[in-house]
Amino acid sequence: MLAAVAMTGSAVAADMAPRYTKAPPPAPIVVYNWTGCYIGGNIGGGWAKQDQFRIDQFGIGPAPANYGGETGSAFIGGGQVGCDYQFAGNWVVGIQVQGDWGSIKGSHALPAFPTFTMFDKTDFIGTVTGRIGYLFAPQLLGYVKGGGAWTRSSDFLQLPGGGLSEASGNWNASGWTVGGGLEWMFAPGWSVFGEYNYMDFGTRTVNFIAAPGLVPTGEHVSIKQTASTALVGVNYKFNWGGPVVAKY
């Protein structure tokens, strides 16, 4: 009898014992690592400005004339490759090669000869830049960049009423660039960015060759050129500095 009562009391005590459940683990904290190399693409708008001045004419000598200028614009697209290194917590430095193609065209009447029309086209802009940025948040990088820039252009002069007067063919120029933007890492290894860049290619003397049968046979034109781009793009990073990890 006593044994039965004791067993009953033990069972009741067991039923009344507190029951504990294991708390769920906290949500992981993703730590983003910006160190690594990347490749990506971009699209946007491009602007190219030319100011022109005739220096002389072939076989005749000095004949300065104001040829005026204009700014052309067009849709452009291209790609970029680069490498970044994250240091001192929130700082990122890197180097980048970027190239964009399009057909940035413009035209204007020559102030010295209003019945003549100059047509300009820039079809390539390339840059090699260093950049430094600061992480305002683990996923958000603000940066500035600067370095060298290259471009390819062509020009031709149209006679009054149509017809070719003279043309430059393709010519290249080099200069410098500065820019800046924001980049957001929206998933491990993937980021999107928006940026603006300004380029100055200085002044270059370009040979214009006249159409067959025209005299003089050509002339030297001094051309000052600048350009700018407003781009959005996406990058994929090959993270050799260590994987993105989740901490608990």
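Modeller: Leaving out residues up to four places away in sequence, S228 touches G45, G46, W47, Y196, N197, Y198 and M199; touching, or contact, means heavy atoms within 4.5 Å.

Modeller: This is a predicted model, where local features need pLDDT of at least 70, side-chain atom pairs count only at pLDDT 80 or more, and totals for chains, interfaces and linings use all residues. Residues are numbered from 1 along each chain as its sequence is written, and side-chain values use heavy atoms, with hydrogens and water left out.

Biologist: Is S228 buried or exposed?

Modeller: S228 is buried, with a relative accessible area of 11%; buried means under 20% (1.4 Å probe, protein chains only).

Biologist: And which strand is S228 in?

Modeller: Strand β9, residues 218–238; a strand is a DSSP run of E, at least two residues, numbered from the N terminus.

Biologist: New topic. Where does D100 lie?

Modeller: D100 lies in strand β4, residues 91–109.

Biologist: Which side chain of opposite charge is nearest to D100?

Modeller: K145, 8.0 Å away. D100 is buried and has no salt bridge, a salt bridge being a side-chain nitrogen of Lys or Arg within 4 Å of a carboxyl oxygen of Asp or Glu.

Biologist: What does the side chain of D100 reach, then?

Modeller: The backbone nitrogen of G78, at 3.1 Å.

Biologist: Which residues is D100 in contact with?

Modeller: Leaving aside neighbours within four places in sequence, the contacts of D100 include N42, I76, G77, G78 and L231.

Key. Helices (H or I, at least four residues) and strands (E, at least two) are DSSP runs, numbered from the N terminus. Buried means under 20% relative accessible area, exposed over 50%, partly exposed in between (1.4 Å probe, protein chains only). Lys and Arg count as positive and Asp and Glu as negative; His and the chain ends are not counted. A polar contact is a pair of N or O atoms within 3.5 Å; within protein, one must be able to donate a hydrogen and the other to accept it, and residues adjacent in sequence count only if both atoms are side-chain atoms.
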